[in-house]
Amino acid sequence: MSKAASIPSITLNNGVEMPQLGFGVFQVPDAEATAAVESALAAGYRSIDTAAVYENETGTGKALTGSGIARDELFVTTKLWNSASQAWTRDAVLREFDASLERLGLDYVDLYLIHWPRAVRDDYLSIYRAFEGIAESGRARAIGVSNFQPAHLERLLAETSVVPAVNQIELHPFLAQSELRALHARHGITTEAWAPLGQGKELLSAPVIAGIADKHGRTPAQVVLRWHLQLGHVAIPKSVTPSRIRENFDVFGFALDDEDMTAIAALDTGTRLGPDPDEFDVN
Ligand code: NAD
């Protein structure tokens, strides 16, 4: 079995298969993105998460198109930077989407996400309707949202016709997002975790995580990634260090037991590393 074939996948609500473990490239400069994504593909990752605002779609795309891996074995996500810089008419959304495809060097993406709800602008419904057109055209195999809170999702579900395939949210043991995960489960929305490793900060040195890592002869990062996988999340850890890229992929040969899962669940303090999605609205 090839490495890639060993990645479990999640069937999204429109039937598209998404690898449960992917590779994120937030804060990777464009010039370094090609090497980082090449390392990830060599380690066995087939799902890559970028965004227009990361300004590394070009470097990411180079690694993807130069990899020799068949396009249908790759799963590529990018996101619309729905900033305050312009009015998000349907044409403006389509232009941004085309620009992302052009930078990536691809003629479709697997998943296209609205990056933040920015509810203060009150335009995510109309942006999402433009996304529905993109999905209809086949140029995004699935569409979804990111950083949507329950109220934003409820409104989207009530007023648009395609249930988002994914909500990509900040999610790690310090911020377990029970309310959103339950809402997603009720509506068939896949939960995707950003900052799955808590951005490599206090979480990875927490004594509970270290103890479980010792018990299994694994690293703290591997324990946290197992927690995500066993809860059914999609996780997209980021690293530019080849040994860590491989370490983060080597999480299919062990399992946490109920006691481990309960101990990790007790770490949830609701602590965010990133902005509050109810307030975030910057250019
Ligand atoms: P992460 O939790 O993946 O942490 C990454 C950091 O953890 C690395 O920079 C490194 O310092 C450390 N690290 C990685 N592997 C390690 C290991 N094995 N051992 C020790 N330390 C390790 O955080 P992230 O990059 O913020 O999130 C992952 C991805 O999620 C991003 O790259 C991006 O694709 C996506 N993301 C999306 C949003 C959004 O608004 N939708 C926001 C942030 C990130």
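Which residue forms a salt bridge with D98, and how far apart are the closest N and O atoms?

1. Basis of the model. This is a predicted model, in which local features need pLDDT of at least 70, side-chain atom pairs count only at pLDDT 80 or more, and totals for chains, interfaces and linings use all residues. Residues are numbered from 1 along each chain as its sequence is written, and side-chain values use heavy atoms, with hydrogens and water left out.

2. Salt bridges. D98 forms a salt bridge with R139, and the closest N and O atoms are 2.8 Å apart. This pair links distant parts of the chain, 41 residues apart: D98 lies in helix α3 (residues 90–104), R139 in the loop between α4 (124–137) and β7. The structure holds 12 salt bridges (a side-chain nitrogen of Lys or Arg within 4 Å of a carboxyl oxygen of Asp or Glu). Helices (H or I, at least four residues) and strands (E, at least two) are DSSP runs, numbered from the N terminus.

3. Helices α3 and α4. These two helices pack at an angle of about 55°, and their axes are 9 Å apart (axes are lines fitted to C-alpha atoms, for helices over the stretch in contact; angles run from 0 to 180 degrees between N-to-C directions). That makes α3 oblique to α4 (angles under 35 degrees count as roughly parallel, over 145 as roughly antiparallel, 65 to 115 as roughly perpendicular and the rest as oblique). On the α3 side the contact is made by R90, V93, L94 and F97, and on the α4 side by I127, R129, A130, F131, G133 and I134 (contact means heavy atoms within 4.5 Å). By class, the contact of α3 with α4 has seven nonpolar, one polar and two charged residues (Ala, Val, Leu, Ile, Met, Phe, Trp, Tyr, Cys and Pro count as nonpolar, Asp, Glu, Lys and Arg as charged, and the others, Gly among them, as polar).

4. Helices α8 and α9. Helix α8 (residues 207–216) packs on helix α9 (residues 220–231) at an angle of about 95°, with axes 8 Å apart. That makes α8 roughly perpendicular to α9. I209, I212 and A213 of α8 and P220, V223 and V224 of α9 make the contact, which comprises six nonpolar, no polar and no charged residues.

5. Helices α1 and α10. Helix α1 (residues 30–43) and helix α10 (residues 242–249) pack at about 40°, their axes being 9 Å apart; they are therefore oblique to each other. A36, S39, A40 and A43 in α1 meet P242, I245, R246 and F249 in α10, a set of six nonpolar, one polar and one charged.

6. The sheet. An open sheet of eight strands runs in the order β3-β4-β5-β6-β7-β8-β9-β10, with parallel pairing (two strands pair if DSSP finds at least two bridges between them). Its edge strands, β3 (23–24) and β10 (234–235), each pair on one side only. Strand β7 (residues 140–146) pairs with strand β8 (residues 166–170) in the parallel sense over two bridges, and V145 stands opposite N167 in β8.
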